[in-house]
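Here are some notes to read alongside the model, written for someone meeting it for the first time. Please keep the viewer open as you go through the points.

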Amino acid sequence: MSNDRRTDDKTCCCDPVRRSLLQLGAVATAAALLPGKARADDEDDPRRMERPQVGDFLVYAGGDQEGALIIEGALNVGDEPVLAWATDPSRKILRDGTRLNQILVVRLDPSTMDAETKSHAAAGFLAYSAICTHMQCTVTGWIPEKQILHCPCHQSEYDPRHDAKVVGGPAPRPLAALPLRMVDGKLQVAGEFIGKVGMNKQTM
Amino acid sequence: MIGLRQTAKVAFAAALLGSVSMVAALAGEVDNYSPVTQQRLENPEPGNWLLYRRTYDGHGYSPLNQINSTNVKNLEPVWTFATGVNEGHEAPPMVNNGVMFVATPYGQVIALNAKTGDLIWRYKHTLPEDLFQLHPTSRGVAMWQDKLFLAATDDHLIAIDAKTGKELWNTKVQDYKKGQYMTLEPLVVNGKVMVGGSGGEYGVRGYVAAYDADTGKEIWRTFTVPEPNQPGGNTWRGDDWKHGGGSVWITGTYDPKRNIAYWGTGNAAPWPGDQHPGDNLYTTSVIALNPDNGKMVGYHQYHQNDSWDWDEIDAPILIHDMSENGQTIDALVHPARDGYLWVLKQTPAGIEFVSGKPFVGQNAFKGIEPETGRPIVDPEHKPTTGKDVSFCPSLWGGKDWPSASYNPETKLVYIPANNNMCETLKGEKQKLVVGQLWLGADADHAKLIPGADHIGELQAWDPATSKQVWVHKFPKTQLFASTLTTGGDLVFVGGTNDRMFHAFDAKTGDLLWQMKTNSGIMGMPVAFEVDGTEYIAVQSGWGVDAQRIQDMLAKTDWKLNPDVPQGGVVWVFAVKH
């Protein structure tokens with residue numbers, strides 16, 4: 001499959017310092033550990049499988065802050081992204097029934113975003129599907145110098161300032177974008193995923 | 001490329017050579033299928049390809065000689081078949097009396113009339129929606145009686161009716177959500193279907209397991225990383241063994257004389273050795289298992305405390321009665337990812353070291369201990385945490401998983417090697433998160449040696465003397481595919497980024513024939529015969545690590561185009577009569 005968004009050597013990663021995402025226990029001082037269950041009583045509740053819904057909040061998917069709401073002060077501009085799940089407004093349903101629901105949250109300078117990307121952002125926060133569109137690995141890498149998301153499996157790279165377009169590697173298309181809004185200092189889902197989550201199904 | 005009319009002529013001539021086809025194919029079903037027995041696996045007919053490397057000893061050798069060094073220049077396509085999927089097509093087309101079984105990425109098995117290319121049936125395993133595939137490929141289906149066995153990337157082992165393509169049983173081996181998956185062609189011995197698990201980059205604990213061919217029930221499972229109270233357990237620190245790697249993802253070889261199956265094992269996890277101190281048995285080793293019960297009866301660790309991602313996964317080639325320094329030995333020959341050609345021998349006590357010699361540029365070992373074969377590691381070239389460390393060869397090694405072959409006529413081993421490519425790794429502490437890649441290092445930093453004009457090398461070695469006999473260098477390309485050698489004094493290999501399929505003179509290394517195919521070839525070539533005509537078959541379909549190397553080469557001074565076209569096609573060739 002061709003990748004019409006492949007770029008030249010200048011934008012491909014040649015010698016970056018890559019970091020894993022903040023979900024691995026990094027500090028999130030402004031995160032709020034709110035009362036209430038982050039997981040449904042019924043592990044088989046089909047709502048856990050649903051993609052993030054409008055009105056859902058976002059919580060940390062792992063690390064020291066696992067289960068805590070992601071709030072406005074959680075990240076500084078340019079910090080490493082964090083992995084997140086969506087949770088319904090009552091916080092009884094955590095939509096972690098499938099890894100396809102994993103979300104990347106990153107905070108960037110809005111002035112560096114293109115108009116389309118900026119329309120999905122809230123206070124500089126952006127959310128994308130964490131599932132690589134190549135082979136569905138979790139996109140856990142971050143190249144801080146270039147502010148590029150990086151998939152460690154096959155080196156696909158995405159630019160979060162431009163709707164997560166592909167800037168390197170074999171991924172055929174951008175990560176799906178998840179529109180955000182800020183409600184009372186908390187990140188909330190403002191729309192369904194734009195674009196398909198994960199890879200195209202192979203057809204025969 | 002010849003025209004359609006010529007292709008048709010070749011097929012017509014081939015059809016005329018035999019009066020009666022060896023197999024009748026009804027629409028969707030194979031008639032008169034020849035059951036695969038232990039006797040047939042141990043003594044396969046020259047015209048068939050019933051095992052991963054045709055024979056249990058892993059030779060990758062066909063005695064067929066109708067296509068030979070004299071007439072191979074007339075080799076032409078007879079038929080092709082599009083598999084309909086992308087990514088790395090690595091499996092050998094398996095052939096049983098005129099029926100070909102082809103495994104492709106995404107859990108597909110296709111049964112074809114090996115003579116005509118007509119579709120008989122197609123099986124498609126439904127993969128889970130949320131599956132992630134680090135290596136989206138299959139290395140083939142195994143055969144036993146009237147069944148085929150597919151080890152799928154969602155970690156299910158599946159039995160398929162060879163005649164109809166219907167699924168007979170489907171056994172979950174481990175949990176793909178934990179990064180456990182399979183890509184290898186199973187190894188069947190006496191009705192036991194043996195598989196191993198991939199996932200060395202996800203912190204799994206490797207194993208070989210055997211399943212009942214009739215029922216799919218697990219019979220035994222032997223872990224490649226021992227628990228603390230087991231032999232070898234003292235080569236691990238604390239709980240490191242629980243996620244120590246040692247995955248098994250290439251088909252084993254088997255010695256019927258001793259009833260021993262030999263399996264190669266993968267890297268220790270995560271990559272930097274300082275994060276799992278100790279020798280880390282039985283990673284980067286060959287292990288000898290009794291296929292009846294899984295009991296380990298011997299091993300040899302090629303290098304200790306792996307830090308380079310040098311999976312020694314390719315099982316050794318077994319050469320019985322090889323002359324070596326005035327002795328006759330039953331040799332185990334392994335052209336290794338660590339860049340050494342290892343020669344071992346089987347003795348009543350187990351596996352013993354014989355010799356080791358680098359076949360590509362290698363700076364991680366200062367030498368080897370002469371009695372044990374233990375490498376003397378240069379710490380300056382051993383990756384560790386918090387420091388950039390360079391080493392050669394790269395993490396793809398002197399020879400990755402693609403198999404070498406051995407020709408009992410020329411007595412040479414044909415190695416698809418990669419030279420002049422090195423790596424820089426910087427280890428970093430990473431918390432293990434189930435289902436996420438866990439390398440413990442920042443990867444993708446391979447580089448060419450300054451001035452290098454090639455990487456790929458087809459090398460011929462005499463394992464009895466550990467001397468290179470000839471080498472063919474491929475300009476500005478990797479060589480990433482298994483070799484086939486035949487009784488026609490030939491060596492076939494794809495593996496280059498120019499999409500070529502090549503035939504070499506097995507004695508001299510002269511390039512005798514080549515043809516550009518649809519895609520790059522990662523597939524394992526085979527030779528087979530139907531109705532008196534010899535054919536060569538291979539899958540062309542680029543992807544996985546061959547593409548990753550290509551992506552790396554595109555960033556070097558060579559400035560190669562990273563776009564090697566993808567899309568799988570089965571190619572079958574014969575000599576025009």
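1. Of the 577 residues of chain B, 69% are buried, meaning under 20% relative accessible area, with exposed set at over 50% and partly exposed in between (1.4 Å probe, protein chains only). Please bear in mind that this is a predicted model, in which local features need pLDDT of at least 70, side-chain atom pairs count only at pLDDT 80 or more, and totals for chains, interfaces and linings use all residues. Residues are numbered from 1 along each chain as its sequence is written, chains are lettered from A and ligands numbered from 1 in the order in which they are written, and side-chain values use heavy atoms, leaving out hydrogens and water.

2. Chain B has 3 helices and 41 strands, taken as DSSP runs (H or I, at least four residues, for helices; E, at least two, for strands) and numbered from the N terminus. The radius of gyration of chain B, over C-alpha atoms, is 22 Å, close to the 25 Å of the globule rule for 577 residues, so the chain is as compact as a globular protein of that length; the rule is 2.2 Å times the number of residues to the power 0.38. Along the principal axes, the C-alpha atoms of chain B fill a box of roughly 65 × 55 × 55 Å.

3. Where does B:Val248 lie? B:Val248 is in the loop between β16 (218-223) and β17 (253-255) of chain B, and is buried, with a relative accessible area of 0%. Leaving aside neighbours within four places in sequence, its contacts (heavy atoms within 4.5 Å) include B:Leu184, B:Tyr207, B:Trp263 and B:Ile313.
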